[in-house]
Structures are given as C-alpha cells and as structure tokens.
Amino acid sequence: MIQAEQLALPLRLETDLPEVFRRVLSRLRIRTPVASLSAQFHPFAGLRSTIALRNDVLKAQVSDVLAEASPLVLEALAEILLCKIFHRRPSREARECYLAFTFRPEIRRRIDEARRERSRKRLLPPRGRHHDLEEIFHGLNQRFFHGQIPTSRLGWSRHKSRRILGHYDSGHGTIIVSRKLDSPEVPRYLVEYIVYHEMLHIRFPVERSGHRRVVHSREFREAEKKFPEYESACRKLKHLGG
Ligand SMILES: [Zn+2]
C-alpha cells in the first residue's frame, strides 16, 4: 500500500484549469484573438477571482477555495469571468450554478477560514529590497529539483525575527523568510540556503516513526548537504542567530 503522505511530492487532484477556460472560450465563440491563456489557483483572502486581457494574453486567477470544486462549477465561473471581460452576458445556468456553490455551508466555512488565516498571516511580497524570493525559489527549483517543487506562496515575515529565519507552513503551502535576511549585508547564497531548506520540507514531508514526528529525516539532511555553500551558510547563520 502506498499512501499519498509517503510519496516524495504531495499529490493533488486538481482540475486542469487552463483547459476549462479554453473549453468555455471556444464554446462562447469569442472572436477577440487570444494568443495565450494562463489560469491558476491563487490564495486570495476570500472568494475572489480575477481576469485580465493584455496584448492578447489572457490571465485568470481563481480563488484556491475552488481548488477542489467540480469541473461544472469551474466552468460556470470561467464563463462568468470570460463574459465579464468580453462584455457578454453569462448564461443563467452558469450564474446559478456558481452562486449555489458559493452558498454551500462548507464553502462559506472555508472562505471564512481563508480570510481569517490570511489576514493574520499576511506577508510582505516576495520581492524584497535586496533579495527576490520568487526568483531565488525558481532558480533553486531548476538547479536542484528538476523544477518539480510545486510553486509555493513566498513572502518575507513582517517582523525581523532572529530566531526563526525561515519557515514552511504546509497548511498554506507558504515559505516565509525572516525580513532580517533582506539586507545588503546578507549574501544571496544565504537567503538561497534558507529557501532551499524550506523547499526540502516540501520535498521530504514530515515522517512518522512510532509516536515521533521526524521533521528533518536522514534523506532531508543528506539532501541539505548538497547545497554548495552548506558549511559556510551554517557558520554565517550561527552568527546571525546569536
Ligand atoms: Zn527545517
């Protein structure tokens, strides 16, 4: 037996969102040329979805509260968004289908939770004054993970924590780096090392050994040492934390 938790990467069954938008786009027979289309789930605070069309490029962001919604609901929302941007009237079926979904009690609950959690955890954007976490994440993903780590939410902490320099919040799929590291005195490789460590938490989720939770497993530690500046990063971090 293999459990999802035992797989190296978290498995999520998600609807192919761009495909849904493409399908609805062709069903609506939109004449306006669309050269490319991107659609993805986004952790908005609450049930918010956005759509924009710039230079033939269509970009939709759908509240991740809908990540597990049925394809029917997603199609309804895609229709509403596409109609909005192309000045059409969405069908009554689409409007009713989406509305009914948003009023389901478990969905209301999730919207409230998302709102509460995200406003509490609001982070500073990934592009800091000196270091850009998003760029660092993507670079590391290519260099060390064959691009296999799912895109995570990234951000700098509000407070300049000295004790906790990095943290991976698995509940929200978020990597948080202490703003203390967004400084010209901190070399880029040090921030890279922190992000790399947190990415390893995604690569090697917490294991269970009897009643113990193994957060940094042996494989985790071994992979960590593959970071080229591992030793000097550890030395520097000791100074910073002290
Ligand atoms: Zn750790």
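**View 1. His 87 is exposed, with 7 other C-beta atoms within 10 Å.** A residue is called exposed when 12 or fewer other C-beta atoms, placed from the backbone, lie within 10 Å of its own, buried when there are 20 or more, and partly exposed in between. The model shown here is predicted, and local features are described only where pLDDT is at least 70, side-chain atom pairs only at pLDDT 80 or more, while totals for chains, interfaces and linings use all residues. Numbering starts from 1 along each chain as its sequence is written. His 87 belongs to the loop between helix 2 and helix 3, where helices (H or I, at least four residues) and strands (E, at least two) are DSSP runs numbered from the N terminus. Its phi is positive, near 55°, in a residue other than glycine. Most residues other than glycine have a negative phi.

**View 2. Arg 29 also has a positive phi, of about 50°, although it is not a glycine.** The residue sits in the loop between helix 1 and strand 1. Arg 29 is exposed, with 7 other C-beta atoms within 10 Å.

**View 3. Three strands make up an open sheet in the order 1-3-2, with mixed pairing.** Strand 1 and strand 2 (50–54) are the edge strands, each of them pairing on one side only, where pairing requires that DSSP finds at least two bridges between the strands. On average, and with direction ignored, neighbouring strands of this sheet are turned by 10° against each other. Between strand 2 and strand 3 there are five bridges in the antiparallel sense, and Ile 51 stands opposite Ala 60 in strand 3. Helix 1 packs on the sheet, where it touches strand 1 and strand 3, and its direction makes about 130° with that of strand 1. Helix 2 lies across strand 2 and strand 3, running at about 45° to strand 2. For these angles, which run from 0 to 180 degrees between N-to-C directions, axes are lines fitted to C-alpha atoms, for helices over the stretch in contact.

**View 4. In the largest nonpolar core, of 24 residues, Leu 74, Leu 77 and Ala 78 touch the most other members.** Helix 1 (17–27), strand 1 (36–42), strand 3 (57–63), helix 2 (71–85) and helix 3 (92–102) each supply at least two residues of this core, and helix 2 gives the most, with eight residues. A nonpolar core is a set of buried Ala, Val, Leu, Ile, Met, Phe, Trp, Tyr and Cys residues joined through C-beta atoms within 7 Å. When residues up to four places away in sequence are not counted, Leu 77 touches Ser 49, Val 62, Leu 66 and Tyr 98, contact being defined by C-beta atoms, placed from the backbone, within 7 Å. Another core, of 21 residues, lies apart from the largest one and has Leu 154, Leu 181, Leu 200 and Phe 204 among its members.

**View 5. Leu 133, Ile 136 and Phe 137 are buried in helix 5 (residues 133–145).** These three cover an arc of only 100° around the axis, which puts them on the same side of helix 5; the arc is that of the directions from the helix axis to the C-beta atoms. Strand 4 (153–156), strand 6 (174–177) and helix 6 (188–203) are included in what covers the buried residues of helix 5. His 146, with a positive phi near 50°, follows the helix.

**View 6. The protein chain is divided into domain 1 (7–120) and domain 2 (133–241).** These bounds come from an automatic or database domain assignment. The C-alpha centres of domain 1 and domain 2 lie 31 Å apart.

Key
Two residues are in contact if their C-beta atoms, placed from the backbone, lie within 7 Å.
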